[in-house]
Amino acid sequence: HFAHHCSITSSTMDEEQKQSDPEEAEATPSTTTTTTTVVEGSQGVEVQVAPVVSAAVLNLWNEVGNGLEKNQTVVWKASVESLDHANRFLGTGSPEARSFMEKYMTQIVGILVDQVPSKIGTHEKECVQESLMYAVQLVAQDLEIQIQKPETAHCVVLRTLEHLFSKRKNYFKGNSGKNNNWHHHHHGGMNQGLPELRTRLIEKFHQRGGFKSLCQYMKITVGSPRFLELETLRHILLAVPDMIPNYPIVNAQATFGPNKKNQHPNYATYVAREDDIIAVGRAVMGYITHMADDDLKKIPVEQLSTMQQDLQTIFDRLVVTRREATLEFYAFWRNLVYKLLTNPSLPLKLFGWESVTDLIDACEKHRPPPRTFWVQNAGNTFCNGLYQYAGPVTPSGYYRPLFDREGRSNNNNSAASEQIMYVRTIPQSEHPNHQAGHKLTLFRCTMRSQQKWWFLS
């Protein structure tokens, strides 16, 4: 009893169109888009139909898949094009795009990151770079899709991050410092990798909201088989510290604090990075904290220890600007130690007692130097008096401990020692003569004997 009318409009782009920049690629299809308008009586209802994947793209995915299954190889350009099309069609709900991505992407990326940059040509390196950029965006995109369906969320391609974020892969290996002679340095070495590409992949994942979606995914899948593998989690924890900028020692409070007048031009970017890093850390801490005793026993002690150390590396470096987050980690660590000591498992109890010592040592590294020193009995009486700490501080006004990129304390090296100084301005009331108003400095130096001597100047 209804008059049915369908009008179909389509727009097709050239199959041989120029590829988009993998670093700026959006998940938009490059083929037929179909809109169907269904008119029922006098009212029309427009229904958006998913784009149809062209035969050429389907053939490409089949060829790449066959090559991987038969020979474990992939053509350079085909890897770029196949991942590019997958990136464009995944968001449209294409089952073919999802099937190709879930079945072959991790294998493609694994082959590419095992290449040595110095042993392949410029064209091949460009193909590797573009393919990896598309791959990291596909993982971010799929995470965003999965968190929309909490009951069934399952991101199969998360394991691809083990390849994309690993420092040990041939393509990312940096110079180890060995054989660092002139010829080796200027010719790149026989097996020199490109670690800067790995850093760009991590940054791209962050820019595409990958870490935010990952945290949400962890919350909705915790306790289920769909939760990410511990090895994948390990590589993620190793990747996020590389987003933390190396803050300058001098004027940290004015440069990176909320003071708008002297704020660093990249302040907002750094805060966004730190927000993602802290969110990942909190998600992992929540995962461990809410784990039942029986589940905790299933995790090898070595992996549990590694996760704790990775988290410590992250939050020790964040103490410069996010002190509260660092204190939150140490509260988590203290509670974890208690949880281990009260666990029925003997290996976990022993690990708990070992952790007590590590926790005390770590806290000692955060212990600030004295706020003031009192000098008396000096030959020149104007040197006597109270000296106030004048070294680097965090934006919140606390003493700033020094940690390297691996989270190791640098507080005992000579550079850090020179940062610990105390200042006294001679008051007019004490010395009305020409000494009044002069600034005196009390500082510590490391001598050639490695002894630390204090000096007044």
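**A predicted model, in questions and answers**

Of the 457 residues in the protein, 44% are buried (under 20% relative accessible area with a 1.4 Å probe, protein chains only). This is a predicted model, in which local features need pLDDT of at least 70, side-chain atom pairs count only at pLDDT 80 or more, and totals for chains, interfaces and linings use all residues. Residues are numbered from 1 along each chain as its sequence is written, and side-chain values use heavy atoms, with hydrogens and water left out.

Student: Is Gly385 buried or exposed?

Tutor: Let's start with its place: Gly385 belongs to strand β5, residues 385-389 (strands are DSSP runs of E, at least two residues, and helices are runs of H or I, at least four, numbered from the N terminus). Its relative accessibility is 7%, so Gly385 counts as buried.

Student: How do helix α8 and helix α11 pack, roughly parallel or roughly antiparallel?

Tutor: Good one! Helix α8 (residues 210-221) and helix α11 (residues 267-289) have axes 9 Å apart, at an angle of about 15°; axes are lines fitted to C-alpha atoms over the stretch in contact, and angles run from 0 to 180 degrees between N-to-C directions. Angles under 35 degrees count as roughly parallel and over 145 as roughly antiparallel. Therefore α8 and α11 are roughly parallel.

Methods: Buried < 20%, exposed > 50% of the residue type's maximum accessible area, 1.4 Å probe, protein only. Parallel < 35°, antiparallel > 145°, perpendicular 65-115°, else oblique.
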